[in-house]
Amino acid sequence: MTFDLEYNSGRTKLIIPEYGRHIQKLVDHCVSLPSKEERNKMAKAIIDVMGNLQPHLRDVPDFKHKLWDQLHIMSDFKLDVDSPYDQPSQEELREKPDSLPYPKSASKYRFYGTNIQTMIDVALTWEEGEMKEALAFAIANHMKKCYLNWNKDNVDDEVIFDHLFELTDGQINFKGREDELVDAKSIQRTRTSQGKKKTNNKNSKNRKK
């Protein structure tokens with residue numbers, strides 16, 4: 001008895017490896033069928049098997065459309081069947097996606113996070129007045145909290161005001177302001193008390209068990 005052994009080095013490259021070589025062989029056989037009726041019947045059966053192999057696709061909107069697109073791709077766009085969806089073209093597949101803009105953030109002061117820049121952008125759209133000033137001061141307080149998360153030591157309010165001035169291109173200027181931001185010690189005390197509460201809650205849950 002002789003066996004025809006296949007080595008990976010001699011096999012054709014899988015177009016979509018996730019489905020395995022057996023599905024690829026089924027697709028190749030479907031392409032070779034002479035009757036369109038036979039191809040339609042087998043293509044629908046392959047789609048059902050592909051759906052069972054990739055159950056997570058059922059959470060994707062219009063997952064059947066995705067499966068049919070993958071079937072055409074695996075056939076190298078040679079499969080002539082009555083698909084319920086428009087067949088994708090090779091040009092669409094090879095088309096490069098639009099480049100995504102790099103997220104806007106306080107790149108120089110990354111320890112503040114991207115949310116600070118979003119808050120600043122919103123504040124700059126508000127009309128001048130008490131509401132805008134209150135929001136800007138709240139942002140400065142939040143910046144101080146973020147700074148202390150990054151650097152456990154104290155930080156002078158003027159440093160925060162300088163950073164805010166720079167991040168807003170000088171549109172928010174609290175330099176020389178007499179009002180003080182939230183005290184660093186109170187921030188650290190709040191953080192410590194919150195940590196103790198979490199620890200106590202965990203311990204109480206463990207005791208109940």
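From the N terminus on, the elements of the protein chain run α-α-α-α-α-α-α-α, giving 8 helices and 0 strands; helices (H or I, at least four residues) and strands (E, at least two) are DSSP runs, numbered from the N terminus. The model is predicted, so local features need pLDDT of at least 70 and side-chain atom pairs count only at pLDDT 80 or more, while totals for chains, interfaces and linings use all residues. Residues are numbered from 1 along each chain as its sequence is written, and side-chain values use heavy atoms, with hydrogens and water left out.

Of the 209 residues of the protein chain, 31% count as buried, where buried means under 20% relative accessible area, exposed over 50%, and partly exposed in between (1.4 Å probe, protein chains only). The accessible surface comes to about 15,300 Å², of which 51% belongs to carbon and sulfur atoms; these areas come from the Shrake-Rupley method with a 1.4 Å probe, and for residues only the protein chains shown count as cover. Among contacts (heavy atoms within 4.5 Å) with a separation of 6 or more, 49% join residues 24 or more positions apart.

An α-helix has 3.6 residues a turn, so residues three or four places apart point the same way.

At the N-terminal end, H7 is capped by Asp 156, with a side-chain oxygen 3.0 Å from the backbone nitrogen of Glu 158. Asp 157, in H7, counts as buried because its relative accessibility is 14%. Leaving aside residues up to four places away in sequence, Asp 157 touches Lys 144, Glu 180 and Leu 181. Just after H7, Asp 169 takes a positive phi of about 55°.

Two further sites complete the picture. Val 122 is placed in helix H5 and counts as partly exposed because its relative accessibility is 37%. Gln 54 sits in the loop between helix H2 (36-53) and helix H3 (63-74) and, at 12% relative accessibility, counts as buried. Its contacts include Glu 18 and Tyr 19, not counting residues up to four places away in sequence.

Key
A polar contact is a pair of N or O atoms within 3.5 Å; within protein, one must be able to donate a hydrogen and the other to accept it, and residues adjacent in sequence count only if both atoms are side-chain atoms.
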